[in-house]
Amino acid sequence: MTKSANTMWGGRFAAGPDAIMEAINASIGFDRRLAPQDIAGSRAHAAMLAATGIISDNDAEAILEGLLTVLSEIETGDFPFSAALEDIHMNVEARLKELIGEPAGRLHTARSRNDQVAVDFRLWVRDQCDAADEALAALQKALLGQAEEGADWVMPGFTHLQTAQPVTWGHHMLAYVEMFGRDRSRFADARKRMNTSPLGAAALAGTSFPIDRDMTAQALGFDRPMSNSLDAVSDRDFALEYLAAASICAMHLSRLAEELVIWSSAQFRFVKMSDKWSTGSSIMPQKRNPDAAELIRAKIGRIFGANVALMTVMKGLPLTYSKDMQEDKEQVFDAADNLMLALAAMTGMVGDMTANKGNLKAAASSGFSTATDLADWLVRELGLPFREAHHITGALVALAEDKGCDLPDLTLEEMQAEHADIRKDVFDVLGVDNSVASRTSFGGTAPDQVRAQIAHWTKQLNARG
């Protein structure tokens, strides 16, 4: 057996500390994803250097054309990435020099890799906010389609996963439309705050060259340059804010995934998932497994983990840049990939699933779901204090439970044994359809309210795209 060149590290490394240092230091294996943003930033910087007279127009033209060639090579898979050049910035610059010669060396005038990576990463995360918004809008539209179809379909509403009160299928779908709407607003808010340009902060103190930071900020779609060069190169809260928004969104996805798993089970049969989003069992031929929903529920942990990981990287860093910050990207890349995958899968599942109207209503009609309606009737019609009405209703629920029936199956005489003034019109409120129709308060589950909210959200989504 050949002895390793570095016995401390074993067979993983064939060479000594130089190879180990290259392995721990290089980031090109993952930051190559920033190539489009890196080249966009470099092109904006080169144009500004020429406009301010820092480099010649001829050099700038060569740089701008050369960078487009580099981008083309990367997009077609012909670019020779090198770990020895550490990162995407040095890989691009080295290839640019091969293509255009000496002018390539002038590109790095008045900037540092510190502000370069800060602008690249900020641009990338900004794009992810836009992508999340678009994906969430598609999911909202799928949920609205379900809500519209079942605006007046009755189903049980739950607390503690116990039957509570009847609601409508449309109302339940709209609850998630609201949640994902707030998620969109969080990504939009994060995008606004991150839309300032670090480019021109250089290593940490700015530069003595007469650069025009407003010009580069405008060219890259930023609102303005960042106001403090120390903050510009050392800030990563834009990525943390993206991860925070992604984590809350992921939590909402996981809750919906959990409901789809429960609802598609043989015990509930509220929904049927399409074949596209279900799998079978290798041994049990009757099985129809909601694997896509389960995988969404599991992948969410990676997004939560990315948030904690980056917070941990940043929590102890003094100003300004430290190499620790190279560990800022992989978690964000992974979280963004998994969020987009989960959003796409959930949109597909929601769009394809079929709700079982009959099973939903049957479940809503059991479990004493109209007990609150009975208590409300006692208050409204007989003028009883709610606590007394609550007590009477509880006694009637206990009676029905003992008899093995539901509230509407009790006789008027049995109800009057608890309170003599109960009239036969009490049965009008004990049906689940009457119950949901009565919930007409704003935001309630009455079909008319549901349809009004569907119209509101349809207008909102059509306006925002």
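Helices, which are runs of H or I of at least four residues, and strands, which are runs of E of at least two, are taken from DSSP and numbered from the N terminus. The structure described here with these terms is a predicted model, in which local features need pLDDT of at least 70, side-chain atom pairs count only at pLDDT 80 or more, and totals for chains, interfaces and linings use all residues. Residues are numbered from 1 along each chain as its sequence is written, and side-chain values use heavy atoms, with hydrogens and water left out.

We begin with the chain as a whole. The chain contains 18 helices and six strands, and its C-alpha trace spans about 100 × 60 × 40 Å along the principal axes. The radius of gyration of the chain is 31 Å, whereas a compact globule of 465 residues would have a value near 23 Å; this radius is taken over C-alpha atoms, and the globule rule is 2.2 Å times the number of residues to the power 0.38. Of the 465 residues, 48% are buried, where buried means under 20% relative accessible area, exposed means over 50%, and partly exposed lies in between, with a 1.4 Å probe and protein chains only. Among the contacts in the chain with a separation of 6 or more, 73% are between residues 24 or more positions apart, a contact being heavy atoms within 4.5 Å.

Aspartate 183 counts as buried because its relative accessibility is 0%. Its side chain makes a polar contact with the side chain of histidine 252 at 2.8 Å; a polar contact is a pair of N or O atoms within 3.5 Å, and within protein one must be able to donate a hydrogen and the other to accept it, while residues adjacent in sequence count only if both atoms are side-chain atoms. When residues up to four places away in sequence are not counted, aspartate 183 touches Leu136, Ile248, Cys249 and His252.

The next stop is helix H10, where alanine 239 lies. Because its relative accessibility is 0%, alanine 239 counts as buried, and, leaving aside neighbours within four places in sequence, alanine 239 is in contact with Phe121, Leu310 and Val332. Alanine 239 and aspartate 328 are 89 residues apart along the chain, yet their C-alpha atoms are separated by 8.2 Å.

Asparagine 307 belongs to helix H11, and this residue is buried, with a relative accessible area of 18%. Not counting residues up to four places away in sequence, asparagine 307 touches Leu240, Leu243, Ala244 and Ser247. From C-alpha to C-alpha, asparagine 307 and valine 332 are 8.0 Å apart in space, and in sequence they are 25 residues apart.

From here we can follow the chain into the loop between helix H11 (291–314) and helix H12 (329–352), which includes glutamine 326. Tyrosine 321 is also found in the loop between H11 and H12, and, with a relative accessible area of 27%, tyrosine 321 is partly exposed. Leaving aside neighbours within four places in sequence, tyrosine 321 is in contact with Asn114, Val233, Ser234, Arg236 and Gln326. Glutamine 326, by contrast, is buried, with a relative accessible area of 8%; among its contacts beyond four places in sequence are Ile24, Asn25, Ala26, Ser27, Phe30 and Tyr321.

Finally, some backbone angles deserve a careful look. Most residues other than glycine have a negative phi, and most peptide bonds are trans. Leucine 319 and threonine 320, however, are joined by a cis peptide bond with omega of about 10°, and threonine 320 lies in the loop between H11 and H12. Alanine 110, which is not a glycine, has a positive phi of about 65°; this alanine 110 is found in the loop between helix H5 (88–100) and helix H6 (113–149), and with a relative accessible area of 7% alanine 110 is buried. Arginine 269 likewise has a positive phi, near 55°, and is found in the loop between helix H10 (237–263) and strand E5 (271–272).
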